[in-house]
Amino acid sequence: MKSTAAALGATAVLLLACGVGSATATAAPAHGRAAAARQQAADVCASAGADSGRTVRGALPRDEVHHQLAGLTGPQRAARGYPDSANKADTSGTAGTSGNPDTSGIADKGPLGGGGPGRGLLTDIHPAQGTSFKEISGSDGSCATQSVSAQLTVQDGSTTIYTPTMYPAGGSCIELVTVYTVSGRSVSAWDWCDSVAFEASVPIDSAFLSTYTDGNSSAYTGRVVKTDAASNSWTAGLYNYRTGSWDTLFTQSGQNQSGRNTGWDINELYSQVGTSGRSAACDAMAGQTFESSNITVRINGSWTPASPDNSDTTYDSPAGSFYCPDRTYQMVSAYDHWKAVG
């Protein structure tokens, strides 16, 4: 028995030396890399960071941006008779309590998709949940690590998913939006000061993932910061994990037209609900994780994590406003980390 045990012990040592059964040994470095990546993202958001002086790799020409995202513009919404929540925002301090697009308090970024009379639709929806940035003197930027998916597919024309979408407080000219529609997937910049439309965009594809994510998670780190107070100039950038610096997606200046000085980092969508009581967005969202972490705000040039001091949930709709019974949502850490699934 002793000789057999000795032989088995020797064999085990030999197998470990050859790499068999080494999963535990290799798991620790992988876990360490993921932890290091999370810390890197947090550090990136909490510091000024180096500006590469380059535009985002793979960004589309402006004409192509307009071609692909023109259907999401305000004039298209107005032409189709959809209400504009920017003009009907609830000013009572209870915005978003109904989940109705007229009272969500979030300015509209385009029309709902296809649909209309004869489809047996019960209601149009424009719900949101996540972090709201308070109106604080000196607010001049926000940053977050945002989930992104190259697999999420929207097949229903009535559905537009803007998740996560980030808009700093302080009258920003730019909202940085993760966009999913029947036309495709992108990280795009919405201009709130001039055209009030999407003006820059980069497709979510393998090239994007290899450049603007850390390789260990499906998330990019983006920021929007004020670069000149006199002209109210703002710049949206993406952190390039290959070069360790920030690439510019879009810059704009002028008078903010959103009608608010608060901001948000939220899970937002437009969709329609049929007679079944289930949103058309549910199929696209099923099994998908939408998440924003390392949410930070900049006030008078200094970065600090989103917290009850500078943030709240002003723009939240009730969970039922998404009309997806399997969807779950949690504020993981108030207010620098939220997560929605399905």
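This report describes the disulfides, selected residue contacts and backbone features of a predicted model.

Local features are given only where pLDDT is at least 70 and side-chain atom pairs only at pLDDT 80 or more, whereas totals for chains, interfaces and linings use all residues. Residues are numbered from 1 along each chain as its sequence is written, and side-chain values use heavy atoms, with hydrogens and water left out.

**Disulfides**

The structure contains three disulfides, a disulfide being a pair of cysteine sulfur atoms within 2.5 Å. When the bonded cysteines are numbered in sequence order, they pair as 1-2, 3-4, 5-6. The table gives the sulfur separations and the torsions about the S-S bonds.

| Disulfide | S to S distance | S-S torsion |
|---|---|---|
| Cysteine 45 and cysteine 143 | 2.2 Å | about -70° |
| Cysteine 173 and cysteine 193 | 2.0 Å | -85° |
| Cysteine 282 and cysteine 324 | 2.0 Å | -110° |

The disulfide of cysteine 45 and cysteine 143 is left-handed because the torsion about its S-S bond is about -70°. Cysteine 45 belongs to helix α2 (residues 23-45) and cysteine 143 to strand β4 (residues 139-147), so this pair ties together parts that are 98 residues apart in sequence. Helices (H or I, at least four residues) and strands (E, at least two) are DSSP runs, numbered from the N terminus. Cysteine 45 and cysteine 143 are both buried; buried means under 20% relative accessible area, exposed over 50%, and partly exposed in between (1.4 Å probe, protein chains only).

The link of cysteine 173 and cysteine 193 is left-handed. This pair connects distant parts of the chain, 20 residues apart: cysteine 173 is in the loop between β5 (160-167) and β6 (174-181), and cysteine 193 is in the loop between β7 (184-191) and β8 (197-203).

Cysteine 282 lies in helix α6 (residues 282-285) and cysteine 324 in the loop between β15 (311-312) and β16 (328-333), so the pair ties together parts 42 residues apart in sequence. Cysteine 282 is buried because its relative accessible area is 5%, and cysteine 324 counts as buried because its relative accessibility is 9%.

Serine 271 is in strand β12 (residues 263-274) and is buried, with a relative accessible area of 0%. Its side chain makes a polar contact of 2.9 Å with that of threonine 159 and another of 3.3 Å with that of serine 279. A polar contact is a pair of N or O atoms within 3.5 Å; within protein, one must be able to donate a hydrogen and the other to accept it, and residues adjacent in sequence count only if both atoms are side-chain atoms.

Threonine 248 lies in strand β11 (residues 245-252). Its C-alpha atom is separated by 4.4 Å from that of glycine 237, eleven residues apart along the chain. Leaving aside residues up to four places away in sequence, threonine 248 is in contact (heavy atoms within 4.5 Å) with Asp51, Arg54, Thr55, Val56, Thr235, Ala236 and Gly237.

**Backbone features**

Most residues other than glycine have a negative phi, and most peptide bonds are trans. The peptide bond from threonine 163 to proline 164 is cis, with omega near -10°, and proline 164 is found in strand β5. A cis peptide bond also joins alanine 334 and tyrosine 335, with omega about -5°; tyrosine 335 is in the loop between β16 and β17 (337-341).

Asparagine 232 has a positive phi, near 50°, and is located in the loop between β9 (219-228) and β10 (233-240). Asparagine 232 is buried, at 13% relative accessible area. Asparagine 294, in strand β13 (residues 289-299), has a positive phi of about 55°.
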